[in-house]
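The two exercises below are to be worked with the sequence and the coordinates at hand. Each one sets a task and then goes through its solution step by step.

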Amino acid sequence: MSASGSISGARIAFAALVRLVALTVSLFLFQSSAYAGSRQQEGPSPFTAEEIATFAKKVEKTAAARGAYVFLLARQGVPSKDLPEGVEFTHTGLAVYSTITTEQGETLKGYAIHNLYQDDDNPRRSHLAMDYPIDFFSGAKVLKAGVIIPAPALQQRILQSLESGILESVHNNNYSMVSNPFNTKYQNCTEYVLDILFASIYQTDSIKQIKVNEHAWFQPQEIKLGPLKGLLAPLIAKEFRTSDHSGDIRTTTFGAIADFLKSQSLAEEVLVVYP
Amino acid sequence: MAIKMISTLTASACLLFASTSFAADSMQHFSQAATHSAQATTNTVSGGVKLASGAAAVPFKAIAVVGEASAKIAEPLWNSATGKKLEVSDESVTAGPAPALAVAAR
């Protein structure tokens with residue numbers, strides 16, 4: 001083979017490699033931004049304001065009809081085809097029945113949602129924000145709500161924890177979309193809710209004790225990405241940080257929390273609400 | 001070949017830009033639009049949905065007692081409060097745009 005032939009072959013191979021990497025990057029970006037789910041605003045909504053408001057109100061009324069003072073609420077922030085295997089929801093918050101005062105001074109009854117969201121200017125950091133169902137579902141790509149209503153005794157403990165300032169004391173602003181719930185290096189939105197649950201169950205604000213108990217009782221969900229995506233993920237998505245894991249990536253999901261609460265008879269009801 | 005490579009990389013860059021920028025701020029536009037719409041039509045978005053900006057939210061009053069020292073008082077209150085259908089106002093409440101946007105808009 002001539003020298004020019006070798007160079008030409010190398011160029012073709014290089015071009016093919018570039019194309020493969022570019023394609024993989026593109027595909028991954030859609031799925032990774034997707035799985036994150038902790039952004040306060042997750043892109044343009046495919047739904048009208050009326051559709052979102054109507055659905056959000058239905059979710060509120062569904063929980064209220066069951067007498068829920070506190071419930072876990074989850075949304076699907078990406079199309080179903082982009083969800084990792086076995087993952088159904090991308091963002092979880094804690095809904096608390098509240099007396100809401102509007103800017104006009106009117107008093108309303110409904111649910112306020114307590115969330116951990118990624119910072120807009122730094123996806124590796126997070127902040128806490130309270131919003132309302134209509135805001136929460138503005139980030140949904142599918143009108144579908146995951147609802148876990150804890151057992152009344154657990155609801156009571158969660159409310160006691162809220163009174164004692166647990167929302168702030170368990171927050172870790174170092175964000176990873178696949179944070180390991182068994183250590184304190186990173187935290188994502190769903191692990192934040194898990195930490196509140198364990199703080200409430202054991203009536204402690206000691207994050208060390210919370211992690212010990214989670215390790216003993218909670219089973220996180222494995223996130224299967226495949227070898228190439230697993231390799232590229234940390235290079236592409238800043239918030240995809242895995243240094244808190246050894247071996248498989250196992251993180252907190254809405255489904256894993258539902259399984260845990262059901263296994264301990266601490267879930268009054270687990271349901272999915274559709275329009 | 002070079003053109004194809006450039007096209008492929010450009011397409012990837014566009015996807016990168018699109019996914020990150022959409023995630024960052026687009027829905028704040030929604031919130032603003034919804035709020036502005038509500039203000040423009042006397043707290044009503046299309047379809048008759050009432051919308052209001054929430055200024056504060058306090059967990060239900062019966063619950064506030066739970067945090068106080070007298071658990072004996074709290075328990076009967078809690079027991080009488082649980083298991084009953086709760087009232088939810090028909091009006092929808094929104095938190096409005098992110099603080100950084102709200103400040104920048106002034």
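**Exercise 1.** What volume does the largest cavity have? Determine also which residues and elements line the largest cavity.

*Solution.* The model is a predicted one, and a search of the whole structure finds two cavities of 30 Å³ or more. For the largest cavity, the volume comes to about 80 Å³.

The next step is the lining, which consists of 14 residues, with A:Lys57, A:Glu60, A:Pro133, B:Ser92 and B:Val93 lying nearest the centre of the cavity.

Assigned to elements, at least two lining residues each are supplied by helix H2 (49–65), strand S3 (107–118) and helix H3 (133–136) of chain A, and by strand S3 (92–94) of chain B. The element that gives the most is H2(A), with four residues.

**Exercise 2.** At what angle do helix H6 and helix H7 of chain A pack, and how far apart are their axes? Classify the arrangement and describe the contact.

*Solution.* Two packed helices are described by the angle between their axes and the distance between the axes. For H6 (residues 189–201) and H7 (residues 207–217) of chain A, the angle is about 100° and the axes are 9 Å apart. Because angles of 65 to 115 degrees count as roughly perpendicular, H6(A) and H7(A) are roughly perpendicular to each other.

On the side of H6(A), the contact is made by A:Glu191, A:Leu194, A:Asp195, A:Phe198 and A:Ala199, while H7(A) contributes A:Ile207, A:Ile210, A:Lys211, A:Asn213, A:Glu214 and A:Trp217. The residues of this contact divide into six nonpolar, one polar and four charged.

Conventions. Residues numbered from 1 in each chain as written. Chains lettered and ligands numbered in written order. Predicted model: local features only at pLDDT ≥ 70, side-chain atom pairs only at ≥ 80, totals over all residues. Heavy atoms only, no water. Axes fitted to C-alpha atoms, helices over the stretch in contact; angles between N-to-C directions. Parallel < 35°, antiparallel > 145°, perpendicular 65-115°, else oblique. Contact = heavy atoms within 4.5 Å. Nonpolar A, V, L, I, M, F, W, Y, C, P; charged D, E, K, R; others polar. 1 Å grid on protein atoms, 1.4 Å probe; cavity = no way out; pocket = protein on both sides within 12 Å on 5 of 7 lines; lining within 4 Å. Points joined across faces, edges and corners; volume = space filled by probe spheres on them.
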